[in-house]
Amino acid sequence: MSGVIWSKRKQAKEEGSDLAGRHRRNRDAASERLVPASPTKIVTVYAGKGGVGKTTLSYELAYSLGAVLVDLDWDAGGASGMWGYNTRERQPRTPLVDALGSDRTPSIMTEERRPDLVPSHPDLAVNQPEPADMRDRLAKWAVEWERPWVVIDTHPGGGAIAFGALAAASVVVMPVVLGMRELDALEGTLAELKGYPILVVPSKVPASPPMALVQRLENILSEAGDVPQTDVISFYPWLARRQLRVALTSYDPIPNRLDRAVEEFRAVTSAVESYG
């Protein structure tokens, strides 16, 4: 069993965490980086299956890192809707689609206590550049925005622009739920993306996780070349009902009821920051 903390009932401040070192990339893995390193680090959040907490994780990472959040998920219910951007009301404003049809850099939308956003649009489903083109555009935009971080939320399962975002990534953050189909999807995705700089985040983990599935996850990561993972994000039923648009990690001071969730999202952010 790894040193990853599976039960957040443990007092991390008293007992410490063995997270340090678990989120280091296997440097012996075959590199498939397709763009040179730049001052801006690109975090691509990707999952082969929906419903694993990808969008919430993208939102919190972007806010915590002070990043631009690029929403490449064109389905309703994604990060743009969470932020408060309604594509049906703002059809004339399509900064991402417009930028992809030109050489311009997309404009950024800002709002207090929410991540800075380049919103998605349904037209992305049928207006996608080739992966290499998307990769190059993202690398160019990242430099022109002059931010230390860019976070990209992708459409579940891929698509041309998602593969471009993967190719541009400094780190690919991959949330996974402890379920049989979700672990099947993770196993296939890791095989497809062998050599990419992947960091797995166990997501929506119950207070007493099924240890057979915990072991299966660890076996999958080991067989894929010791792919690193972070500590867990626990299962919070209230997240699905939450109507506030501000990031959980934006609270100061942190309400007692949010303390545990904020601690977990910040721990994943720290893992992303120190990756590599």
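The model is predicted, so local features are given where pLDDT is at least 70 and side-chain atom pairs where it is 80 or more, while totals for chains, interfaces and linings use all residues. Residues are numbered from 1 along each chain as its sequence is written, and side-chain values use heavy atoms, with hydrogens and water left out. Helices (H or I, at least four residues) and strands (E, at least two) are DSSP runs numbered from the N terminus.

**Helix 2**

- Helix 2 covers residues 54–65, and its 12 residues reach 16 Å from the first C-alpha to the last, close to the 16 Å expected at 1.5 Å a residue, where the expected span is 1.5 Å times one less than the number of residues.
- Because 9 of its 12 residues are buried, helix 2 is largely enclosed by the rest of the structure; buried means under 20% relative accessible area, exposed over 50% and partly exposed in between, for a 1.4 Å probe and protein chains only.
- The buried residues include Lys 54, Tyr 59, Glu 60 and Leu 65, and just after the helix Gly 66 takes a positive phi of about 65 degrees.

**Helix 2 against helix 9**

- Helix 2 packs with helix 9 (residues 259–273) at an angle of about 70 degrees, their axes lying 10 Å apart; axes are lines fitted to C-alpha atoms, for helices over the stretch in contact, and angles run from 0 to 180 degrees between N-to-C directions.
- On the helix 2 side Thr 56, Leu 57, Glu 60, Leu 61, Ser 64 and Leu 65 meet Phe 265, Val 268, Thr 269, Val 272 and Glu 273 of helix 9, with contact meaning heavy atoms within 4.5 Å.

**Helix 8**

- The 13 residues of helix 8 (residues 211–223) should span 18 Å at 1.5 Å a residue, which agrees with end C-alpha atoms that are 18 Å apart.
- Its buried residues, among them Leu 213, Arg 216, Glu 218 and Leu 221, pack against strand 5 (171–177), helix 7 and strand 6 (198–203).
- Just after helix 8, Gly 225 takes a positive phi of about 105 degrees.

**Glu 182 in helix 7**

- Glu 182 lies in helix 7 (residues 180–192) and counts as buried, because its relative accessibility is 16%.
- Leaving aside residues up to four places away in sequence, Glu 182 touches Lys 49, Val 52, Val 176 and Val 177.
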